[in-house]
Number of protein chains: 2
Amino acid sequence: MPTKPLSRARIVAAAIDLIEREGADAVSMRRIAAELGVGVMSLYNHVPSKDALLSGVAEAVLSEIEFTDDPGAHWADRVRVQARAFRQIASLYPRSTMVVVSRQLHSAAGLLPVERALATLRSAGFDGAEAVSMLRVFIAYIVGSLLREVGVTPAFAPVSAPAVPSAGVDPALFPEVGAMASLLGTCDHEEEFEFGLEMLIQAATARAPGGGQTGGQTGKQVSREGTR
Amino acid sequence: MPTKPLSRARIVAAAIDLIEREGADAVSMRRIAAELGVGVMSLYNHVPSKDALLSGVAEAVLSEIEFTDDPGAHWADRVRVQARAFRQIASLYPRSTMVVVSRQLHSAAGLLPVERALATLRSAGFDGAEAVSMLRVFIAYIVGSLLREVGVTPAFAPVSAPAVPSAGVDPALFPEVGAMASLLGTCDHEEEFEFGLEMLIQAATARAPGGGQTGGQTGKQVSREGTR
DNA sequence: AGAGTTGCACGTACGCTGTACGGCGGTCAA
DNA sequence: TTGACCGCCGTACAGCGTACGTGCAACTCT
């Protein structure tokens with residue numbers, strides 16, 4: 001038994017490991033092969049292309065989401081749990097998250113979260129169209145948040161990294177940005193994520209058939225047999 | 001007058017043009033040079049690296065956002081206008097949007113939208129910390145939405161493209177997904193975007209110092225001091 | 001047991017990439 | 001006129017993804 005027999009799973013694992021250690025740019029077939037101590041072309045016996053390998057990475061990362069869904073809980077709490085589970089992979093595999101997010105994956109790995117989320121939203125009383133739209137909104141928010149956390153945030157980070165947080169921008173041109181430079185420069189990602197999540201849940205609650213009387217637990221959710 | 005003198009702007013414009021025509025993967029220094037009818041290395045007299053060029057692309061695209069901000073309008077309407085302006089670039093330069101979104105840019109081009117947005121949120125009565133948090137939420141949602149529209153959506157598109165919209169998934173494993181396959185397969189991006197935008201605005205309204213008497217719904221939800 | 005088939009690992013090679021380096025021609029100041 | 005400069009270019013190098021052919025091991029069938 002000289003070496004393990006080199007399977008697709010082992011290749012994907014090596015790729016994830018390499019991405020996390022040296023970034024997605026460092027990933028090349030030669031590099032991965034060297035990491036595994038095999039020839040470059042041996043990889044192609046298990047993976048049809050580099051693109052497919054990256055899809056495999058996305059799938060593997062995505063499939064590690066832990067869903068401890070409790071169908072008996074209030075739907076809002078179930079949404080919270082699922083959103084956080086989704087976000088948790090970003091902290092486990094920060095650099096791979098970019099790969100996951102910037103990739104259209106056509107596998108069933110991404111379907112299970114959708115299934116759970118739809119069931120949850122349906123249990124809140126939303127009809128099909130509403131549930132789908134709402135799911136899309138939540139996903140958009142989560143993906144956008146992960147993108148920021150991963151560090152590849154789009155528009156407003158320049159204040160933090162390049163320019164000095166507390167200065168560096170012309171206060172005459174950008175008075176607001178200048179005044180809040182310190183706030184813009186720092187960000188508690190978890191707190192920020194929760195903040196937006198609560199906003200969305202609140203908005204969803206207001207749109208739920210139950211209406212806006214959500215003061216307490218309500219406890220009146222129909223919860224009609226979640227699955228099947 | 002043989003040819004125009006080849007400036008950074010012309011190079012960036014050619015890059016954008018090429019991205020839109022053939023996708024971001026087709027972009028190479030040689031390709032762009034050929035497009036402009038010059039030698040490859042001539043580009044490096046105006047652009048330090050390919051990475052900087054792509055940053056230039058992001059900056060150029062971002063700077064084309066038209067902000068017709070009316071400080072007299074209701075803040076909610078101003079938020080709507082700004083969010084739509086931001087989204088509009090995705091329809092103008094769909095494929096370049098991926099470049100913009102997946103790139104940390106350190107220029108002032110991305111600062112102006114931030115300035116405008118902060119001013120708007122401040123005018124709604126939010127203090128600095130609230131305005132910044134809320135801005136981040138809106139940006140996360142917008143970025144996530146654009147990512148989906150551009151076609152690189154993350155998790156739940158597989159239903160549409162690969163599997164037949166109205167079938168193809170095992171209804172036993174994924175009953176909800178199966179039942180709503182047709183809904184998941186089609187998406188009116190504009191309508192979807194507006195839907196989430198209204199959700200966020202409603203949630204923001206409920207958190208505004210003015211209180212929640214705007215929409216009529218929402219009712220309680222004191223939302224004391226944002227974070228929990 | 002021998003023959004045939006299959007599957008995996010590998011080396012080589014091709015066309016592509018980004019870019020460091022040096023040369024070449026034209027314009028302008030002295 | 002001469003020298004300096006600047007924009008343009010060709011060459012070269014290391015690295016990329018992967019198409020192709022070869023050889024070795026194990027398994028199946030007669």
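Reader: What makes B:R87 count as lying over the face of B:F193?

Author: In this predicted model, B:R87 lies at 5.3 Å from the ring centre of B:F193. The cut-off for CZ of Arg is within 6 Å of the ring centre, together with an angle within 35 degrees of the ring normal. The distance of 5.3 Å therefore meets the distance limit, and B:R87 is listed as lying over the face of the ring.

Reader: Where does the charged end of A:R87 sit?

Author: Over the ring of A:F193, 5.2 Å from its centre.

Reader: How many aromatic pairs does the structure hold over all chains?

Author: There are 4. One of them joins A:Y141 and A:F193, with 5.8 Å centre to centre and 20° between the planes.

Reader: Why is the pair of A:Y141 and A:F193 called stacked?

Author: Ring centres must lie within 6.5 Å to pair, and planes under 30 degrees apart count as stacked. With 5.8 Å and 20°, the pair of A:Y141 and A:F193 is therefore stacked.

Reader: Which parts of chain A does the pair tie together?

Author: A:Y141 lies in helix α7 (residues 128-152) and A:F193 in helix α10 (residues 189-207), so the pair ties together parts that are 52 residues apart in sequence.

Reader: How do you know whether A:Y141 is buried or exposed?

Author: Buried means under 20% relative accessible area. A:Y141 is at 1% relative accessibility, so it counts as buried. A:F193 is buried as well, with a relative accessible area of 1%.

Reader: What kind of aromatic pair do B:Y141 and B:F193 form?

Author: A stacked one, with 5.8 Å centre to centre and 20° between the planes. This pair links B:Y141 in helix α7 of chain B to B:F193 in helix α10 of chain B, 52 residues apart.

Key. Residues numbered from 1 in each chain as written. Chains lettered and ligands numbered in written order. Predicted model: local features only at pLDDT ≥ 70, side-chain atom pairs only at ≥ 80, totals over all residues. Heavy atoms only, no water. Phe/Tyr/Trp six-rings, centres within 6.5 Å; stacked < 30°, edge-to-face > 60°. Helix = DSSP H or I, 4+ residues; strand = E, 2+ residues; numbered from the N terminus. Buried < 20%, exposed > 50% of the residue type's maximum accessible area, 1.4 Å probe, protein only.
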